[in-house]
Amino acid sequence: MKIAAIQMISTPVLAENMATARRLLQEAAASGAKLLLLPEYWPLMGLQETDKVDIAEPIGQGPMQALMAEMAGTLGVWLIGGTIPLQAAEPGKVLNTTLVYDPQGQQIARYDKIHLFGFSKGEESYEEARTIVAGNQVSSFDAGFGKVALSICYDLRFPELFRALGTSSLIVVPAAFTYTTGQAHWEILLRARAIENQCYVLACGQGGKHVNGRRTWGHSMLIDPWGKVLNVLEEGEGIVSGDIDESLIASIRESLPALRHRKL
């Protein structure tokens with residue numbers, strides 16, 4: 001199966017980002033991709049942390065969810081919707097949520113981001129917990145070729161999350177990695193997750209300088225189970241794609257049965 005990641009440079013305007021997502025999803029599907037991944041925060045990179053609270057949707061309704069359902073059904077693809085803000089029980093906060101749609105446009109999986117990013121160095125400071133409620137449950141789904149494990153951005157630094165997900169054929173990582181942390185750690189962590197779980201990793205980033213002044217690392221990439229980077233887009237909007245080879249997964253796990261050798 002051909003799969004693709006959509007790299008964006010989202011703005012503070014929801015309508016602009018929805019139009020960009022629609023265009024790039026259509027382009028990726030036209031190239032033959034049957035599983036598409038959007039980045040974290042694709043609907044909005046706001047001027048203030050609280051801007052996402054204003055557009056948060058209840059589960060099952062709203063323009064962001066309607067667009068994703070429409071695209072999945074119209075294009076006949078599996079769509080992993082990056083993240084959107086969903087309404088949370090706690091006032092002034094949202095859930096940072098990945099929703100998955102099948103080729104009929106039905107929502108079939110959900111993952112609320114468990115690990116909330118915090119970073120402070122010099123003038124650069126982020127604290128997602130101020131506006132996001134953490135999730136508490138891992139999530140995956142079957143896309144026909146095997147199990148797809150869901151994660152979001154900062155989750156990448158916590159290998160125990162991927163162990164909790166069990167054996168998977170593909171790990172997806174929608175993200176908005178900062179330029180600072182991405183330059184240092186993004187690729188090495190992604191390749192480590194592919195190697196230790198002996199599966200493909202499709203990582204999908206925000207990639208460039210945003211209207212709000214933030215710069216994201218980009219470098220969306222597809223990595224094979226041996227840790228080889230098959231395709232990468234460094235910066236700017238666009239598409240990263242490649243094929244899932246089930247026989248390669250099986251061959252690597254047979255020749256180096258590390259998953260069977262686990263003790264702890």
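**Figure 1. Salt bridges across the predicted model.** In this predicted model, a search of the whole structure identifies 10 salt bridges. One of them pairs Glu 40 with Lys 113, with the closest N and O atoms 2.9 Å apart. Glu 40 belongs to the loop between strand E2 (35-37) and helix H2 (51-55), whereas Lys 113 belongs to the loop between E6 and strand E7 (118-121), so the pair ties together parts that are 73 residues apart in sequence. Glu 40 counts as buried because its relative accessibility is 1%. Lys 113 is likewise buried, with a relative accessible area of 1%. A network of salt bridges links Glu 40, Lys 113 and Glu 128.

**Figure 2. The salt bridge between Arg 130 and Glu 49****.** The side chains of Arg 130 and Glu 49 meet at 3.0 Å, N to O. This pair links distant parts of the chain, 81 residues apart: Arg 130 is in the loop between strand E8 (124-127) and strand E9 (140-142), and Glu 49 is in the loop between E2 and H2. Arg 130 has 46% relative accessibility and therefore counts as partly exposed. Glu 49 is also partly exposed, its relative accessible area being 32%.

**Figure 3. The salt bridge between Arg 110 and Asp 112****.** An N to O distance of 3.1 Å separates the side chains of Arg 110 and Asp 112 in this salt bridge. Arg 110 is partly exposed, with 31% relative accessible area. Asp 112, in contrast, is buried, because its value of 17% falls under the 20% limit.

Figure 4. Thr 216 counts as buried because its relative accessibility is 0%. Its side chain makes a polar contact of 2.7 Å with the side chain of His 210. The side chain of Thr 216 also reaches the backbone oxygen of Gln 206, at 3.2 Å. When neighbours within four places in sequence are left aside, the residues in contact with Thr 216 include Met 45, Ala 176, Phe 177, Thr 178, Tyr 179 and Glu 235. Gly 207 and Gly 208 are also among the contacts of Thr 216, together with Gln 206 and His 210.

**Figure 5. Helix H5, residues 179-197****.** H5 comprises 19 residues, which at 1.5 Å a residue should span 27 Å; the end C-alpha atoms lie 26 Å apart, in agreement with that expectation. The helix bends by about 50° at His 185. Its buried residues are Thr 181, Gly 182, Trp 186, Leu 189, Leu 190, Arg 193, Ala 194 and Asn 197. An α-helix has 3.6 residues a turn, so residues three or four places apart point the same way. Gln 198 follows H5 and has a positive phi, near 50°.

**Figure 6. Leu 35 in the largest nonpolar core****.** The core contains 44 residues, of which Leu 35, Phe 141 and Leu 170 touch the most other members. With residues up to four places away in sequence not counted, Leu 35 touches Met 1, Lys 2, Ile 3 and Ala 4, as well as Trp 78 and Ile 80. Another core, of 25 residues, lies apart from the largest one; among its members are Ile 6, Leu 38, Leu 67 and Val 77.

**Figure 7. Leu 248 in helix H6 (residues 246-255)****.** Leu 248 counts as partly exposed because its relative accessibility is 27%. Not counting residues up to four places away in sequence, Leu 248 touches Tyr 200, Asp 224 and Pro 225. Leu 248 and Pro 225 are 23 residues apart in sequence, and their C-alpha atoms are 7.7 Å apart in space.

**Figure 8. Gln 106 in the loop between strand E5 (94-101) and strand E6 (107-112)****.** Gln 106 touches Val 100 and Tyr 101, residues up to four places away in sequence not being counted. Between Gln 106 and Asp 51, the separation is 55 residues in sequence and 28 Å in space, C-alpha to C-alpha.

How values were computed. Residues are numbered from 1 along each chain as its sequence is written. This is a predicted model: local features need pLDDT of at least 70, side-chain atom pairs count only at pLDDT 80 or more; totals for chains, interfaces and linings use all residues. Side-chain values use heavy atoms; hydrogens and water are left out. Buried means under 20% relative accessible area, exposed over 50%, partly exposed in between (1.4 Å probe, protein chains only). A polar contact is a pair of N or O atoms within 3.5 Å; within protein, one must be able to donate a hydrogen and the other to accept it, and residues adjacent in sequence count only if both atoms are side-chain atoms. Contact means heavy atoms within 4.5 Å. Helices (H or I, at least four residues) and strands (E, at least two) are DSSP runs, numbered from the N terminus. The expected span of a helix is 1.5 Å times one less than its number of residues. The bend at a residue is the angle between axes fitted to the seven residues ending there and the seven starting there. A nonpolar core is a set of buried Ala, Val, Leu, Ile, Met, Phe, Trp, Tyr and Cys residues joined through side-chain atoms within 4.5 Å. A salt bridge is a side-chain nitrogen of Lys or Arg within 4 Å of a carboxyl oxygen of Asp or Glu.
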